[in-house]
Amino acid sequence: MNSRNLIAGATVLLAAGALPWVASEFLQSLALACLMYIALATSWSMFCGATRYLSLATSAFFGVGAYTSAVLLGVPPWPLVVASGALVAAVIAVVMGAAVLHLRGTYFAVLTFGMTELIRHAITYVEKQVSGTVGRVLTVVPEGATVYLTLLLIAALSIGAALWVKKSRFGLALAGIGADEQRAQTLGVDTRRVKIAGFALSALFAGAVGAAMAVRWTYIEPSAVFNPFIGFQTVLIALIGGAASIGGPIAAAIVFSLLAETLRLQLPYGYMLVLGLLLVLCVMYLPNGLASLWQRKPQGGQA
């Protein structure tokens with residue numbers, strides 16, 4: 001069974017990798033949106049799904065990665081630009097996590113959102129003082145196929161990391177924190193370090209996605225790359241798909257990326273209505289997300 005999954009995954013990866021040479025620009029753009037939210041939702045679920053912490057800092061890590069890319073673009077090689085965006089986001093996550101991960105629930109969610117806004121305003125202030133303008137024009141950008149393959153690799157690594165975390169002792173520690181943090185402490189888990197490491201690992205992928213996607217815009221500014229909608233949509237996709245699973249956020253990211261492109265032009269507010277309606281329905285009838293539909297075991301059978 002494991003070998004079948006590996007072969008199926010490799011086949012999907014190869015097919016997706018060939019897309020830039022066989023598909024139109026519209027389909028490539030659609031695939032980029034799918035890959036972006038697959039990576040963001042999977043990495044968010046990697047930490048938040050296990051620990052049950054509701055982080056609203058995804059747009060902060062995405063934006064930091066995007067600005068790092070904008071600053072370094074054209075100086076070091078492209079892989080190093082993306083890696084730098086990921087690393088800077090992870091470092092900020094360590095600092096942010098050390099400050100707020102002792103809180104839970106609404107307090108943690110509100111503070112992560114507040115710190116996202118703080119970072120956005122700080123970058124806006126620095127840009128005005130240093131460069132005299134709010135945004136940056138990107139003149140030297142890699143080819144579209146390079147950006148697509150980079151994002152495909154980030155999404156694949158995000159899924160691979162989520163699978164590793166789920167089966168590792170580190171993932172077991174995260175799940176223990178989500179179930180009962182005090183009990184996990186009594187069992188010898190260094191909950192503070194585990195939470196900060198998990199938060200930073202999640203931010204690493206969000207920063208990499210931001211660094212790769214920054215070049216899709218010819219001009220970036222804080223209000224665009226620190227857009228709260230990116231973070232909110234990531235959370236909603238993960239919750240609707242099933243934050244405790246891996247396949248759920250992936251499926252939900254694909255479905256809602258397709259819905260976004262279909263509805264935004266024909267019915268601008270239809271996409272958010274559908275997203276909100278599905279969230280309400282999931283909370284009411286599928287608290288574990290859409291993933292619970294295929295994870296349910298048959299009632300009959302073995303005693």
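In this predicted model, the buried residues of helix α6 comprise Phe108, Ala109, Thr112, Thr116, Glu117, Ile119, Arg120, Ile123, Thr124 and Glu127. The elements against which these buried residues pack are α4 (58-72), α5, β1 (136-137), α9 (191-213), α10 (222-225) and α11 (228-241). The length of α6 agrees with expectation, because 26 residues at 1.5 Å a residue should span 38 Å and the end C-alpha atoms of the helix are 38 Å apart. Just after α6, the backbone at Gly132 adopts a positive phi of about 80°.

Charged side chains occur among the buried residues of α6, including Glu117, Arg120 and Glu127, and each of these takes part in a salt bridge. Glu127, for its part, forms a salt bridge with Arg136, with 3.1 Å between the closest N and O atoms.

The structure holds 5 salt bridges, and one of them links Glu181 to Arg104, the closest N and O atoms being 2.9 Å apart. Glu181 belongs to helix α8 (residues 169-186), while Arg104 is found in the loop between α5 (78-100) and α6 (105-130), so this pair ties together parts of the chain that are 77 residues apart in sequence. With a relative accessible area of 17%, Glu181 is buried, but Arg104, at 31% relative accessibility, counts as partly exposed. Through salt bridges that share partners, Arg104, Glu181 and Lys195 are joined into one network.

A nonpolar patch on the surface is formed by Leu277, Val280, Leu281, Met284 and Tyr285, which together have about 520 Å² of accessible area. Leu277 is placed in helix α13 (residues 270-285), and this residue is exposed, with a relative accessible area of 52%.

At the level of the whole protein chain, the secondary structure amounts to 14 helices and 2 strands. The radius of gyration is 19 Å, close to the 19 Å given by the globule rule for 303 residues, so the chain is as compact as a globular protein of that length. Taken along the principal axes, the box filled by the C-alpha atoms is roughly 70 × 45 × 40 Å. Of the 303 residues in the chain, 48% count as buried, and the accessible surface comes to about 15700 Å², with 67% of this area belonging to carbon and sulfur atoms. Among the contacts between residues at least 6 apart in sequence, 80% join residues that are at least 24 apart.

Notes:
Residues numbered from 1 in each chain as written. Heavy atoms only, no water. Salt bridge = Lys/Arg side-chain N within 4 Å of Asp/Glu carboxyl O. Helix = DSSP H or I, 4+ residues; strand = E, 2+ residues; numbered from the N terminus. Buried < 20%, exposed > 50% of the residue type's maximum accessible area, 1.4 Å probe, protein only. Patch = residues over 30% accessible without salt bridge, like charges linked within 9 Å, V, L, I, M, F, W, Y side chains within 5 Å. Areas by Shrake-Rupley, 256 points an atom, 1.4 Å probe, with all protein chains shown as cover. Expected span 1.5 Å × (residues − 1). Contact = heavy atoms within 4.5 Å. Rg over C-alpha atoms; globule rule 2.2 N^0.38 Å.
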